Amino acid sequence: MPRRLHIQTVGCQMNVLDSELVAAELLAAGYELVESPRRADTILFNTCSVRQHAEDKIYSALGRLKHVKQQQPQKIIGVLGCMAQKDQEKIFRRAPHVDLVVGPGQLGQLPGLLERIAAGEGPRMEVSLDRSSGSRASVRRSYQPHDPLRVVEARSVPHQAMVRVMFGCDKFCTYCVVPSVRGPEQSRPAAEIEAEVRCLAGQGCLEVTLLGQTVNSYRDESGGGVVGLAELLYRLNEVEGLRRLKFVTNHPQHVTRELIEAVRDLPKVSPYLHVPAQSGSNRILRRMKRGYTAEEYREMLAEIRSEIPEAAVTSDFIVGFPGETHEDYRQTVELVRQGRFKNCFIFKYSPRPKTKAAELYADDVPEEVKRRRNNELLAVQNAISLQDNQPLVGRRVEILVEGPSKLGRKQPPGGDVVQLVGRTVCDRIVVFEGPRHLAGQLLPISVQRADAVTLFGKPT
Ligand code: 5AD
Ligand code: SF4
């Protein structure tokens, strides 16, 4: 009898990819994926530690499963990903009904671990070494990136896929937990990435998004020479059948001339760059240890704009970082105003254990001030997004149709025409009414209306 698996994923695209890869392997081992945790006999949470809020949500979801486990002790409950690496045994202490804790660098062991638990061997934990607990080489070895063969059935949208190009991060921005939970930066060999992208294109995949915590510091030295991200894009641009190539997340320090030219010149590479600035104040950027000034960030933006005028640039900002004064915040608002980003993700600072910022600085910006700055900055950005979307009204855009939109998924399953959603080459969200079978197609749409986040249109 196939075992029924439910995976719940929170956090970034790297986690979404990890969940897909886990699902693919477990499907191959005879599991069946189910939508409802109640029907599942194995429930896995793929977790995020970037902010406290994400962790609180997982602990309360685990809490809710306590009675379920008492009634059905054979049900397996597992915690995967960043919070598993960060909290380790603490998870068993806070939620003793959990059977399994697996860090992001150990996911390859999951099928075997589940077998052993099902065989009655008791709870299991596999995590990587702490970054300070051994030599760089031994810590690196303890993080084993796991990129098994791709399976179409495990993807929610078969025509789009993410591909990991690097694992971990070495930047140690002072607020960020990622370097300690995902370990040292490791680039995958270019030949392996190329083979994976060819395989995906062979499965009918039209759009590939390359993933790395700092994707543009990608550096493969395995073949003798050095292959950076720009060179990798040139190689992947040649893959037959592939139509669109995107990559996230960029670090401003590594947005090189060469990379900008690759984005400008390669027909398959989307003119879309996600380059988090985090703050517009040099004092705060220094405290964050970001490695650039606001002026350098502006110069980088100017270069992108002059080489690729149609490019969409997006950013992340943190408000309420320790010591952020009104003047620091005002400089961030200024950068958002001048930057004219397509959109920005704005976060309230959340102190994370084992990070430099949490060790060195008190979390001294009151919650209310953080909330106000967050809302105001979002309003500034929304006004810009709305203005910049207006010129698209009346124009034709090409989208890759992903499938029914959130609304479309709620429409009665019988009807063939539903609200569909897709994205332009610049990552703009477009919704329109159309038959379900358009999912997976590249389609011209004429835009009829736009708000700050969505374009509304109809097929032309
Ligand atoms: N508090 C708030 N936001 C954070 N981010 C990372 N760490 C923190 C933190 N401790 C944000 C950054 C990053 C995004 C993925 O999450 O803006 O770019
Ligand atoms: Fe975190 Fe900075 Fe690395 Fe991004 S670059 S994952 S913010 S440490």
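This is a predicted model: local features need pLDDT of at least 70, side-chain atom pairs count only at pLDDT 80 or more; totals for chains, interfaces and linings use all residues.
1. Let's start with ligand 1. Its surroundings consist of Val50, Arg51, Tyr175, Gln278, Asp316, Ile318, Phe347, Lys348, Tyr349, Ser350 and Arg352. By class, this shell has 5 nonpolar, 2 polar and 4 charged residues.

2. Which polar side-chain atoms lie 2.7 Å and 2.6 Å from an oxygen atom of ligand 1? One belongs to Gln278, at 2.7 Å, and the other to Asp316, at 2.6 Å. On the backbone side, a polar atom of Tyr175 sits 3.0 Å from a nitrogen atom of the ligand. The protein buries 86% of the 400 Å² that ligand 1 exposes when taken alone. Two elements, E15 and strand E16 (344–348), each give two or more residues to the shell.

3. Now for ligand 2. The residues around it are Cys169, Lys171, Phe172, Cys173, Tyr175, Cys176, Val178, Pro179, Gln213, Thr214, His251 and Arg290. They divide into 7 nonpolar, 3 polar and 2 charged. Tyr175 is listed around ligand 1 and also around ligand 2.

4. The second largest pocket holds about 420 Å³ of space. It is lined by 20 residues, and those closest to its centre are Glu310, Leu392, Arg395, Cys426 and Arg428. Strand E15 (312–319) and strand E17 (396–404) are the elements that give two or more residues to this lining, with E17 providing the largest share, 3 residues.

5. How many cavities of 30 Å³ or more does the structure hold? There is 1, and the volume of the largest cavity is about 50 Å³. Its lining is made up of Asp18, Leu21, Val22, Pro104, Leu107, Gln144, Pro145, His146 and Arg164. Helix H1 (residues 13–28) supplies the largest share, 3 residues. The lining residues split into 5 nonpolar, 2 polar and 2 charged.

6. A peptide bond to check by eye joins Val248 to Thr249: it is cis, with omega near -5 degrees. Thr249 belongs to the loop between strand E13 (244–248) and helix H11 (257–265).

7. Two residues other than glycine have a positive phi. For Gln88 the value is about 45 degrees, and this residue sits in the loop between helix H4 (82–87) and helix H5 (89–94). Is Gln88 buried or exposed? It counts as buried, because its relative accessibility is 15% and the cut-off for buried is under 20%. Arg340 has a phi near 45 degrees and lies in the loop between H14 and E16. With a relative accessible area of 33%, Arg340 is partly exposed.

8. Last, a look at helix H14 (residues 326–339), where Arg330 is found. Arg330 counts as partly exposed because its relative accessibility is 38%. Along the chain, Arg330 and Leu377 are 47 residues apart, while their C-alpha atoms are separated by 9.6 Å.

How values were computed: Residues are numbered from 1 along each chain as its sequence is written. Chains are lettered from A and ligands numbered from 1 in the order in which they are written. Side-chain values use heavy atoms; hydrogens and water are left out. On a 1 Å grid over the protein atoms alone, a cavity is a set of points where a 1.4 Å probe fits but cannot get out, and a pocket is an open set with protein on both sides within 12 Å along at least five of seven lines; lining residues have an atom within 4 Å of a point. Grid points are joined across faces, edges and corners, and a volume is the space filled by probe spheres set on the points. Helices (H or I, at least four residues) and strands (E, at least two) are DSSP runs, numbered from the N terminus. A residue is near a molecule or strand if one of its heavy atoms lies within 4 Å of it. A polar contact is a pair of N or O atoms within 3.5 Å; within protein, one must be able to donate a hydrogen and the other to accept it, and residues adjacent in sequence count only if both atoms are side-chain atoms. Accessible areas come from the Shrake-Rupley method with a 1.4 Å probe; for residues, only the protein chains shown count as cover. Ala, Val, Leu, Ile, Met, Phe, Trp, Tyr, Cys and Pro count as nonpolar, Asp, Glu, Lys and Arg as charged, and the others, Gly among them, as polar. Buried means under 20% relative accessible area, exposed over 50%, partly exposed in between (1.4 Å probe, protein chains only).
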